[in-house]
Every structure is written in structure tokens, then in C-alpha cells.
Amino acid sequence: MQPALQIEQLSKTYESGFQALKSIDLTIQRGELFALLGPNGAGKTTLISIVCGLVRASAGVVRVHGHHWADEYRTARRLIGLVPQELTTESFETVWATVNFSRGLFGLPKDPARVEQILTDLSLWDKRDSRIMTLSGGMKRRVLIAKALAHEPKVLFLDEPTAGVDVELRRDMWDVVRRLKASGVTVILTTHYIEEAEEMADRVGVISKGEIILVEDKDALMRKLGRKQLVLQLAQPLTGLPDDLAARYDLMLAPGGDELTYTYDSQGERTGITALMSELREAGIHFRDLQTRQDSLEKIFVNLVRQSQ
């Protein structure tokens, strides 16, 4: 079975000489939710715009479900839905009309039941006869999502879809995305809300300065790169750590002296926890409680980008 999306040696250089993308290679499988993370200006939107036919690439090839994006443009584009960052909608049209029109643009017959289901899922049914210019920003964002789903795409791009919208919309949208994914739709997400990627994604790609610096299964990435910390709530506050302990272990004493944090590699052959506990006892340092915590995907992402610069 062909991948949902196959990108090979994709590059984009603008007339100014700025190279927005540098030989991108990326394969996304059918039915997965792929989160593309990167700082502003990293190339996320340029990459999406090229795949969706909005920007011309300087070099490279894209295939959508095996269809070459240039040789079979209409077929490839028909398989893609896009929710852009910008709130670009036909202001004087009604919600119902603009979603129906989007479906017709791809040569599909009218299907009122399908459109009704989309609008209902996105809490837009009560607004179906409202002109878009009268809607709030959050409602306009819902309309963009409805338009992207109108022609029943197999690959859905969500480019910062929840930026600046209310919590209710975010929840509604992710419910829809989960149902789409369960039905076999491939979803590619860019977001500044790292917790969304952490909760939703199967795999994570990180792009920086126009280059893909990492693609990894989300859970494997967090296991591989997420450092763990052992946090000890001390029975008695300390004014400082013994020099020999501080030298041998990655220890941090909280400003109040009542909490000690040990950072370790959870994938290493030895965590050093047993030896640390023994030495703390010998030094007369006792604790009343302990807990472990792991780096979030956001912290991993920030560290990766810093390392690539």
C-alpha cells in the first residue's frame, strides 16, 4: 500500500535568494496523525503550501496516495483538505453556501446530509444561515474546518488550527479529528500548543531552518530524549550540598533547601538512584516523600531546536 504522503528532496528558494526548504524527505503513512513542530519561520507553512499546490517548489517530488502531484494534479489535490492559519472566508456568503461551494469545487455532487453532519460536528448547525462576516473569530475557524472536510479528503492538513480560539472549539475539533483518524484519514498537524501534539500525535517531526532534523514515534521520542527527574522532599532543609555528592550526581537544591532534584537518563544501563540513596543516607540526608517526572514534549522540542542552531 502506498503511503498517504511521500515527499522526496523537496526544496524551495525564493527570488530573494532565501531558501525556505532544504531537500525535505518525509513519508507519512495512511491513517496516522503526524505532528510537525518548529519555531516561527522554520518552513512549516511553506511545506504545507507546496504540498497543497499553493506554492511552487524549486525542486523535488510529492506523491499523495501514490499520485504524482504534477502529473496527476487534480487527483492528488482532490485527496487533500487544508485548514490554513488565516481566516480567509467569503464574508458575504452564508455558512451553508460556502461549505457547499467548497464541495462543488472538487466536482462532488451535492450531499446535504454530509454537509449537515459536518456542521453539526463543529457546532455550526445553528449558524448555517448566518453570513460569515457576522461570526466571531472562533466560529470563522470552525467554518474553515468545515470547508476543508466538505470534499471528504483522505489527507487533512491542520496548520495551527486552534491558534487564538476558545477551549470549546478546540475540544470539538479534536473530537472530529479523532473520528476522522479512526475512519482512516491521515492528519498532518502544525501547532504551537505542544500539549496537543503530545496528546494526539502518533509521530512527531521537527523542522528547523528549512530542514527536518528529526522524525520519531512520539512515545519512542519521549523515552529516548526525555530526561527523568527524581524529586525528593527533604525531612530537614539544607543550606547546601556536600561537595562530593554534588560532583558525582546531577543534583539541584531548591532555593528553600527543602527539595532535592536528581536528573538521570532513564534509558541508561544504570540510573544511579540506588547509589544516590545510599550516599544520602550516609550523609545524614533524609527525605519524607519522593516522586518522578519526565520532560514534556515541549521541553524536548525546545532542546532539539537549540541543538540544531
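Hi everyone, thanks for coming. A word on the ground rules: this is a predicted model, so local features need pLDDT of at least 70 and side-chain atom pairs count only at pLDDT 80 or more, while totals for chains, interfaces and linings use all residues. Residues are numbered from 1 along each chain as its sequence is written, and side-chain values use heavy atoms, with hydrogens and water left out.

Let's start with the overall picture. The protein chain has 11 helices and 14 strands. Those come from DSSP runs, numbered from the N terminus: H or I of at least four residues for helices, E of at least two for strands. Of the chain's 309 residues, 46% count as buried. Buried here means under 20% relative accessible area, exposed means over 50%, and partly exposed is in between, with a 1.4 Å probe and protein chains only. Looking at contacts between residues at least 6 apart in sequence, 70% join residues at least 24 apart; a contact means heavy atoms within 4.5 Å.

Two strands pair, by the way, if DSSP finds at least two bridges between them. Strand 1, residues 5-13, runs antiparallel to strand 2, and six bridges connect the two. As one example, Lys 12 has Leu 21 in strand 2 as its bridge partner.

The other sheet I want to show is also open, with six strands in the order 6-7-8-3-9-10 and mixed pairing. Its edges are strand 6 (80-83) and strand 10 (211-217), each pairing on one side only. From one strand to the next, the twist averages 15°. For angles, axes are lines fitted to C-alpha atoms, for helices over the stretch in contact, and values run from 0 to 180 degrees between N-to-C directions. Strand 9, residues 203-208, is antiparallel to strand 10, with six bridges joining them, and Val 206 stands opposite Leu 214 of strand 10.

So which strands of this sheet does helix 1 touch? Helix 1 packs against strand 3 (33-37), strand 6, strand 7 (155-159), strand 8 (186-190) and strand 9, with its direction at about 150° to that of strand 7. As for burial, seven of the eight residues of helix 1, which spans 44-51, are buried. After the helix comes Gly 53, with a positive phi near 80°.

Next, helix 5, residues 137-149. Helix 5 lies across strand 6 and strand 7, at about 175° to strand 6. Its axis and that of helix 3 (residues 95-105) come within 8 Å and cross at roughly 30°. The two helices are therefore roughly parallel, a label for angles under 35 degrees. On the helix 3 side, Val 95, Thr 98, Val 99 and Ser 102 make the contact, and on the helix 5 side, Val 143, Ala 146 and Lys 147. By class that gives four nonpolar, two polar and one charged residues. Here Ala, Val, Leu, Ile, Met, Phe, Trp, Tyr, Cys and Pro count as nonpolar, Asp, Glu, Lys and Arg as charged, and the others, Gly among them, as polar.

Helix 5 also holds Ile 145. Is Ile 145 buried or exposed? Ile 145 is buried, at 3% relative accessible area. Beyond its neighbours within four places in sequence, Ile 145 contacts Val 83, Leu 122 and Met 173. Val 83 is 62 residues away along the chain, yet the two C-alpha atoms are 5.6 Å apart.

Finally, two residues for anyone who likes backbone angles. Most residues other than glycine have a negative phi. Ser 123, in the loop between helix 4 (112-121) and helix 5, has a positive one, near 55°. Glu 152, in the loop between helix 5 and strand 7, also has a positive phi near 55°. How do they score for accessibility, then? Ser 123 is partly exposed at 34%, and Glu 152 is partly exposed at 31%.

That's my tour, and I'm happy to go back to any part of it.

Terms used:
Parallel < 35°, antiparallel > 145°, perpendicular 65-115°, else oblique.
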